[in-house]
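Trainee: I have a structure to go through with you. Can we take it in short questions and answers?

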Amino acid sequence: MSYLTLGIETSCDETAAAVLEDDRRIRSSVIASQDTVHAPYGGVVPELASRRHVEAVWPVVQEALTKAGVSLAELDGIAATSGPGLIGSLLVGLCFGKALAFARHIPLVGVNHLEGHLYAALLDHEELSFPFTGLVTSGGHTHLYLATAPGVYRLLGRTRDDAAGEAFDKVAKFLGLGYPGGPVIEEWARKGDPNAVRFPRPMREQDSCDFSFSGLKTAVVNYAKGLGFRVQGSSSSSLQPSAFSLQPVLDPTLIADICAGFQEAVVDVLVRVSLAATKASASRRLVLAGGVACNGRLRSKLTERAAEEGVQIYYPRPSLCTDNGAMIAAAGYPRLLRGERALLALNADADLALGVT
Ligand code: KG4
Ligand code: ZN
């Protein structure tokens, strides 16, 4: 008898649901992106995100059930993201999951979004086993974990300021390139020379697994300003659409070189710190997850460097790197199977931590 888990994810700006059969067979995965809602602002506007989740959550869940050919009565469990993330967004998916669980008498667990990102790699790699080192790098997080066993995690390091994806988004917004910044910058960087402009590689102290990307972002902004790029409009409110964008009259070669130089600096830091942490942990397995893990340059450089260091890398396919319901179902499944049940009093937690530090 197979076990069917409905995964619900609404921690940021994607309304997502998936039906997972047992531990890794994705029967359906539906994602309603809000990119067009937030694009004019160059970043996620929390209030708009939660309103959109309210509209989208039931149709997205229905579509996931239909595509999987599964009725509500056939579900064995529900896993809903309970944190970390935007509180208004989290509440929508979690309350929806709780209501469904209560009304249909279906077991429910709350899932940590970051654990979900790590499970995306387990979904795609049957051969991957614990322990492993896991780098979750997204718009909201850049966290490095030692995953010892299912549910047992130790935080090795994290960003002290901006997440890597946030730096991509902010630099793209500053250069007036669009949102989300990661894919746009990667596209521009392909046409540029990564060595034309050398930006700083912000590294913490020796042996530290922490990251810092805010100084790098400022270095890029200052470099662009130094070339005479002008910021349009005011920078005082994120509710001003395109408040930060520069006049799109820049020399395309320069933009491409800036993007390539910036991307190279981010990639360098992520590769160096995560490989050093993996070698120190002796697990020799490194999982790369989260939206920034879609980045082609990061994947190729990490693959190349890992081969030299004897480290095995596991990437989920790009559609499982960005937020999705399948990874939430995958992280919830072992806990549902063990008989874990969330109380209806379970609350969303914007700062929910994963594991011990
Ligand atoms: O995991 P995710 O979908 O949402 C969060 O949990 O934040 O990640 C979204 C982030 C955004 O900051 C986006 O710019 C970044 O991932 N991203 C990328 C790429 N694709 C998405 N960053 C660099 N290169 C990419 N190709
Ligand atoms: Zn995420």
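Trainee: How many residue pairs are in polar contact between domain 1 and domain 2?

Mentor: First, the ground rules: this is a predicted model, in which local features need pLDDT of at least 70, side-chain atom pairs count only at pLDDT 80 or more, and totals for chains, interfaces and linings use all residues. Residues are numbered from 1 along each chain as its sequence is written, chains are lettered from A and ligands numbered from 1 in the order in which they are written, and side-chain values use heavy atoms, with hydrogens and water left out. A polar contact is a pair of N or O atoms within 3.5 Å; within protein, one must be able to donate a hydrogen and the other to accept it, and residues adjacent in sequence count only if both atoms are side-chain atoms. With both residues at pLDDT 80 or more, the count between domain 1 and domain 2 is 8 residue pairs.

Trainee: Which helix gives the most residues to the side of domain 1 that touches domain 2?

Mentor: Helices (H or I, at least four residues) and strands (E, at least two) are DSSP runs, numbered from the N terminus. α1 (35-38), α4 (113-124) and α10 (318-321) each supply at least two residues of that side. With 8 residues, the one that gives the most is α4.

Trainee: Where are the two domains, and how far apart are their C-alpha centres?

Mentor: The bounds come from an automatic or database domain assignment. Domain 1 covers 4-125 + 320-337, and domain 2 covers 132-317. Their C-alpha centres lie apart by 26 Å.

Trainee: What area is buried between domain 1 and domain 2?

Mentor: Buried area is the accessible area (1.4 Å probe) that two parts lose on being put together, summed over both. Carbon and sulfur atoms give 68% of it here. The total between the two domains is about 2,200 Å².

Trainee: Which residues form the salt bridge between the domains?

Mentor: A salt bridge is a side-chain nitrogen of Lys or Arg within 4 Å of a carboxyl oxygen of Asp or Glu. The count between domain 1 and domain 2 is 1. The closest N and O atoms are 2.7 Å apart, and the partners are Asp124 and Arg317.

Trainee: Why are Lys67 and Glu63 separated by about one helical turn?

Mentor: Their side chains meet in a salt bridge, 2.9 Å from N to O. The separation is about one helical turn because the two are 4 residues apart in helix α2 (residues 46-68).

Trainee: Which residues are closest to ligand 1?

Mentor: Being near means that a heavy atom lies within 4 Å. By that test, 22 residues surround ligand 1. A backbone N or O atom of Gly139 lies 2.9 Å from an oxygen atom of the ligand, and a polar backbone atom of Gly182 is 3.0 Å from a ligand oxygen. The closest residues are Gly139, Asp169, Gly182, Glu186 and Asn295.

Trainee: What is the phi of His105?

Mentor: His105 sits in the loop between α3 and β5 (108-112). Phi is positive here in a residue other than glycine, and the value is near 55 degrees.
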